[in-house]
Amino acid sequence: MGQFLDSVPVSAIVRIRDMMYTVKDPFRLDQGDVSFDAPDTFKQGVARAMAENRTHYLPSNGIPPLRKAFAEKMRKKNGIPIGSDDEVIVTNGGTHALFAVFQAILEPGDEVIIPDPEWPPTMAIVKQAGGVPVQVPLREDLGWRWEIADVEKALTPKTRVLYLNSPNNPTGGVLTRADLEALARIARDRNLLVVSDEAYEDVVFKGEHVSIASLPGMYDRAIPCYTMSKSYAITGVRVGYFAIQNAALRDRAAKVVLYSTTNVSSIAQYGAVAAMEGSQQCIDDFKTELRFRRDMFFKGLQDAAPGVFSGNPPDGAFYAFVKIDPEFAKQAGITGGSRAEASAMAGDSLSWAMAEFLIKHARIGCVPGVDFGPRSEGYLRFCTCRSREELTGALASMKETLAHVHAR
Ligand SMILES: Cc1ncc(COP(=O)(O)O)c(C=O)c1O
């Protein structure tokens, strides 16, 4: 297992993050870290927990009031028929939820259908659990959704899991209810499990967020995974959760959580209870502001880099996943690009070349498309959840830098 980890890639997002620490006055449009402050309910909950000396060991699946709050939320907001609060397990953020779930459900060689592009940690987590990620393209012309026939074509006797991520990181594509019904039929017909990563459930600008676990008869095979990171602006605090109806799988996942954390931080959990029980206004407020920033960024991009990038504002999440004009890059001499470890492809990478160019010359963090999947070479991801000031600064810096390129 030790040696095997050498073959598990490090996400480009992490590589870029490390590069950004060497940049003076950077514009951090690389990480999906919302610039908002956490709600007061959360902060007060943390302060109270400290004052009450809640600093000791806890049940490893999570404290009862938090499991109850998450179960209630999944029942009411997501429409998932959670039976008992015991079906809910609290994790160290959404990444840890996915890690525990995939460790619990995969056998070596099991294939997992994953969108292309997709947030790179998913592929790494699947590999780390002995699984084989099989990426199926999202179609830009369908608003970055799957053509369901493409998913069917990718199924083999080894397929064990459909991994859904709607809204999707990096494209913001949102699966429709009809898509989910079709995928649910496939899962039932082929006896597949579904891991439903709903990290961006609260950031949907067009259409609705539907959990596949809420569709009739699906919760016995669909495992919904959530995080508080984005919705409550607590990415560094680390609180996530998932629900599994199947008791045998749940016991396995619980062991992964037990032996990887003992328990999620007591202070974080008590703060999370307060955030879940208090006003949920921040979720709407964040969404309104995120919509503004999305539109501001896309408009600004046209002015800062006319003709250099193309793509439409996404239906969900908070990223701009845009296509680089290869002609522009060629003329500007933006070529080469040191490929990420995450990419299995050899040769030069336009998306890496462009990312390195923007980091070095414009101080703008961004992530090369190729690291989200081989078909996304030639794209870049910018995070639009940063503050208005930071987005404005990045756009101004991009405009100035590209003006020099045009003048060359
Ligand atoms: C698609 C997706 N799933 C899960 C997560 C997990 O987030 P965290 O571990 O910060 O809670 C992220 C974070 O960026 C994500 O983009």
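1. Asn 191 is exposed, having 9 other C-beta atoms within 10 Å; by the criterion used, a residue is exposed with 12 or fewer such neighbours, buried with 20 or more, and partly exposed in between, C-beta atoms being placed from the backbone. Asn 191 lies in the loop between helix 7 and strand 6 (193-197), and its phi is positive, about 55 degrees, although it is not a glycine. Helices (H or I, at least four residues) and strands (E, at least two) are DSSP runs numbered from the N terminus.

2. This is a predicted model, in which local features need pLDDT of at least 70 and side-chain atom pairs count only at pLDDT 80 or more, whereas totals for chains, interfaces and linings use all residues. Residues are numbered from 1 along each chain as its sequence is written.

3. Asn 53 also has a positive phi, near 55 degrees. Asn 53 sits in the loop between helix 2 (40-51) and helix 3 (64-76) and is exposed, with 8 other C-beta atoms within 10 Å.

4. The chain averages a pLDDT (the predictor's confidence in each residue, from 0 to 100) of 95, and 97% of the residues score at least 70. Over residues 340-346 pLDDT stays under 50. Where pLDDT is low, the predicted coordinates should not be read in detail.

5. One runs from Asp 116 to Pro 117, with omega near 10 degrees; Pro 117 is in the loop between strand 2 (111-116) and helix 5 (120-128). Another joins Asn 169 and Pro 170, with omega about 25 degrees, and Pro 170 is in the loop between strand 5 (159-165) and helix 7 (177-189).

6. An automatic or database domain assignment divides the chain into domain 1 (3-37 + 282-407) and domain 2 (40-277). Contact (C-beta atoms, placed from the backbone, within 7 Å) involves 30 residues of domain 1 and 31 residues of domain 2. On the domain 1 side, helix 10 supplies the largest share, five residues.

7. Buried residues of helix 10 include Cys 282, Phe 286, Arg 293 and Arg 294.

8. Of the 13 residues around the ligand, Gly 93, Gly 94, Thr 95, Thr 227 and Ser 229 come nearest; a residue is near if its C-beta atom, placed from the backbone, lies within 6 Å. Helix 4 (residues 93-105) gives the most to this shell, three residues.

Notes:
Contact = placed C-beta atoms within 7 Å.
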